[in-house]
Amino acid sequence: MIRASRLYKTLSRSRMLRALGKYIIVCTLGVVVAACGEPEPVISGSEPSIRRLTEQQYRNIIWDVFGSHVVISGRFDPILRQDGLVAVGASQATISASSFDKYEKLARIIAEQVVSEDNRSLYMPCRPHEVGRPDDACAQAFFEPVGRMLFRRPLTDSELDDSLTLARKAGEQLGDFYDGLALGLTSLLVNPNFLFVIDGVEQASSADTDAELTGYAKASRLSFFLWNTSPDESLLAAAEAGDLETKAGLKAQVDRMMQSRKLRDGVAALFTDMLHFEEFDHLEKDNLIYPALDPEAIEDAREQLVLTIQNHLLDENADYRDLFKTRKTFINGRLGRIYRTSVAEPELWTPYEFPERTGRAGIQAFTGFVALFSHPGRSSPTILGKGVRELLMCQRVPDPPGDIDFTLFNEPGSQQMTARERLAIHNSVASCAGCHRLTDEIGLSLENFDGAGQFRASDQGQVIDASGNLDGIAYEDQTGLAEALSQNPAIPSCLVQQTMAYGLGRSLSGSEKNWFDYLLTEFAEGEYKFKPLLQSIVTSANFFAIKSIPDDGEQSVQAHINPRSDKRSES
Amino acid sequence: MNAAHRKYRLRKTLIGASASMLAVGTLNGTVQAAEENKLGFVIESWYTAVYDTEYMEECPEGIVIGNDEIWLDGLSPEELEVQTGGGTLEVLDEPRRPNQYLRGPNGEDVCWHPESVIDPPMRTVHGKYSYGMNLDGNADGAATPKTCEHGNFVTPDGSIKGVDNQLYRLMGCVHGYRTEGYLEHHANRERQDESKGVILIDVKNVDDPRSDDEVEVSFHLSATRLDFDISGQIVPYGSYKTMPNRYGDTVKGQIAGGVLTTDPSDVTLPIYGNDGVTDMVFRDFRIEIEIAEDGTRAKGLWAGYHPVSSFWDHIQKVQHNAPVGQYSCPAMYVAAHELADGYPDPETGQCTALSSAFSFEAVAGFIIEDDGAGDMKRLAASNAEELE
């Protein structure tokens, strides 16, 4: 059984008082003027968590360790979204018996590729004395660095010994050093210490608290948040040296990570999670109705959203709220067909700005977003409006009541009605009107874009009326909606909430409201720039804060993995 | 492509996207604006304009005698025994086909050396109707300074008299060029499948896409892959780059009631298909295209005098079409010169070009004239990606 760390005592109230005392002293003496705004609230943290790697994290790690030419075929069991985020659901995710088989099979395929004759020279720091016989020294030279990268910490002596023993015995039986090595690597790739991100906890070194994350656990938390992959060698070295325990050391690593191109992957992963982009994997459109939005174009539509977000938030360091009224994006040939514009380099992504006359502004009006929240063959103002409310504004729209009489809406002739006319019928029913009022105004303002996100001036022969009202702000058309959205306080609030939850891997608790308020205020004062928000989160002690669990409450990853493997180990 | 592969591809394309950003800069730089005052079309398919009827009234002599028949007739009984496997090889297949054009007196390829043998005269069209245009401006077929005396046609709907289409007269009874034939369907399929030889029509200075008395029309060879929807049609509004430094002839035109026409001018178009790659040269070339109300599709004709030399350049390069399409190169060569009705040789008075018409269908697209600079961007992007 593999245990997570045993924890100590609950964070004491004195810790917060000590922090406040320091703040008062520093500000009174005027030592650090710049830091003397509102003090950052101290949170008690959460219990240490065990999170299953997402499929993309698994892939990223393998590609980081072994190179992107390693083919990773197959799918894993999906992680159920919790409170809007897969990152939160990952802490509840288990590995079923059938899923474990998939991991095992995948691990074997990866290991075979790594030790194959074509690739071994890339990864092996040594050559065995004889290929037909085990060579512990050479195997150790392979397992130590690879295991460190996979487990996000050095292998323990027993873990290393297990790998060496397995490789040795298998190598002897199979008469091939590399076959033995592959089996040893396979065992690492199905080890829960690889498949789960486990918060390691140790006795606190500071008097401010009683227990804290290990340096390696901090490194993992940083890395999965900012890069969506495991820590690199530099970050692991910093963890090993204790650099992450000091503000200067932590800042140096954060600064480095924020400069890395991997930050793009991290931001893409955050917004992919927050905006449910994994649903593009299953998005299908009626190609007779929307021939331009074929499967390749759907992939491009997702990528356009990601590229736009990355460019807006990272390259331009622009106001997050302007993402909902930006006309700047990237385009390629396939998307040019949908947006009906020429693309000078159809095979490349090219910077592009929607002309004002197109009325297209904000990512909510991009073909990817509109298509994701539409029916296969037609638009859906309700689904689209619900998407905006729930994903961009973090506002829960209740599911429809179970006793709705749909004959009202499916009467003969309804297919010839405009969307606005059809939805007017919904709004005439009291039990429907409450929710439709929340969603439909938004969706109807985007009706100039059909179910594939293509512009259209009319619906059922009638000029589309895109006027609406968002939380008291009336507007005339889609660009008005874009402006209203960008000014809506729920937009930045939702981002801060979801970014915090994503980074921490758990839903925020009521006790963390003060930190949330603090970050939101800081976000506003910083003109809603996203990178400073990320920096504020990861350089805060709150990001790594944990609280103890009862002494008898040992956490075990065993609860998360295949019961069948448990039996195997017993046998 | 499975979902996992798509994921992998997404990662690769994201990297590629980063690379492309390195190559072209971020959005702070210049941004591309949507094109205005332009129309563009990519030709989806084109055919020699052949008016054929079910009972072949236009071909009273019957279908053209094919190369295969002539070749068989020329074989001695002994050769016939060998070449037909004792009479068992009835279909046009190996090993009969490769030998058929090599029937000159010294084994010459008769499509490359059409004067090396004399075949029975080619059966040609004698009907009244044809698609096409009145190229010489008269309705009686009388000779003019630019034409020789020739027969004229009337369009099937009777709307145009004096239609000049001697290429139809020449090819209209060739099985391979008729509706039930194979050659041009196959050539279109090749152009579509391989995205080669695809013709682009670029219309500039368009103030009103339904009515404009002066526009500029250019004809290009596309350098971009075609994309089709599930019904097999090209997806509208793709972006198509022109092949740099090739083709690009420009003519004056006008749009009236959604119909684009051009003034006569000399134009060269690419031709690709049935494994043949060459140019189609036209004198007094012009087009007439009816653009759909929504602008997504168009169909029409191009017409002009097609020099026999240009026509024959193509025919001899696709000599393998002769047995499939069922015609004789030597007979066609003779008939082509006899039927030529345009551009008389100043010395001999013999006309050198065939009046012709071709029907085509096109799909709206964006035409991007490539000056070759894009190659550097692509190279930079590729290099940047490798550095990732």
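**View 1. The pairing of strands E7 and E8 in chain B of the predicted model.** Ala256(B) has Val259(B) in E8(B) as its bridge partner, in a model that is predicted throughout. Two residues lie between the strands in the hairpin of E7(B) and E8(B), where Gly257(B) takes a positive phi near 60°.

**View 2. Strand E7 of chain B alongside strand E5 of chain B.** Strand E5 (residues 212-221) of chain B and strand E7 (residues 249-256) of chain B run antiparallel and are joined by six bridges. Within this pairing, Glu216(B) has Lys252(B) in E7(B) as its bridge partner.

**View 3. The hairpin of strands E9 and E10 in chain B.** Eight bridges connect strand E9 (residues 265-273) of chain B with strand E10 (residues 276-291) of chain B in the antiparallel sense. Opposite Ser265(B) stands Phe285(B) in E10(B), while Asn274(B), in a hairpin with two residues between the strands, takes a positive phi near 55°.

**View 4. The packing of helices H22 and H23 in chain A.** Helix H22 (residues 513-525) of chain A packs against helix H23 (residues 530-538) of chain A at an angle of about 150°, and their axes are 10 Å apart; axes are lines fitted to C-alpha atoms, for helices over the stretch in contact, and angles run from 0 to 180 degrees between N-to-C directions. H22(A) and H23(A) are therefore roughly antiparallel to each other, in a scheme where angles under 35 degrees count as roughly parallel, over 145 as roughly antiparallel, 65 to 115 as roughly perpendicular and the rest as oblique. The crossing of H22(A) and H23(A) is right-handed, the near helix being turned clockwise from the far one by less than a right angle. On the H22(A) side, Trp515(A), Leu519(A), Glu522(A) and Phe523(A) meet Phe530(A), Leu533(A), Ser536(A) and Ile537(A) of H23(A), where contact means heavy atoms within 4.5 Å. By class, the residues of this contact between H22(A) and H23(A) are six nonpolar, one polar and one charged; Ala, Val, Leu, Ile, Met, Phe, Trp, Tyr, Cys and Pro count as nonpolar, Asp, Glu, Lys and Arg as charged, and the others, Gly among them, as polar.

**View 5. The crossing of helices H4 and H8 in chain A.** Helix H4 (residues 97-115) of chain A and helix H8 (residues 177-189) of chain A cross at roughly 140°, with axes that come within 8 Å, and H4(A) and H8(A) are therefore oblique to each other. The crossing of H4(A) and H8(A) is right-handed. Residues of H4(A) including Glu104(A), Arg108(A) and Val115(A) take part in the contact, as do residues of H8(A) including Tyr178(A), Thr186(A) and Leu189(A). The contact of H4(A) with H8(A) comprises 10 nonpolar, one polar and two charged residues.

**Notes on numbering and confidence.** Residues are numbered from 1 along each chain as its sequence is written, and chains are lettered from A and ligands numbered from 1 in the order in which they are written.

Note on methods
This is a predicted model: local features need pLDDT of at least 70, side-chain atom pairs count only at pLDDT 80 or more; totals for chains, interfaces and linings use all residues. Side-chain values use heavy atoms; hydrogens and water are left out. Two strands pair if DSSP finds at least two bridges between them. Helices (H or I, at least four residues) and strands (E, at least two) are DSSP runs, numbered from the N terminus.
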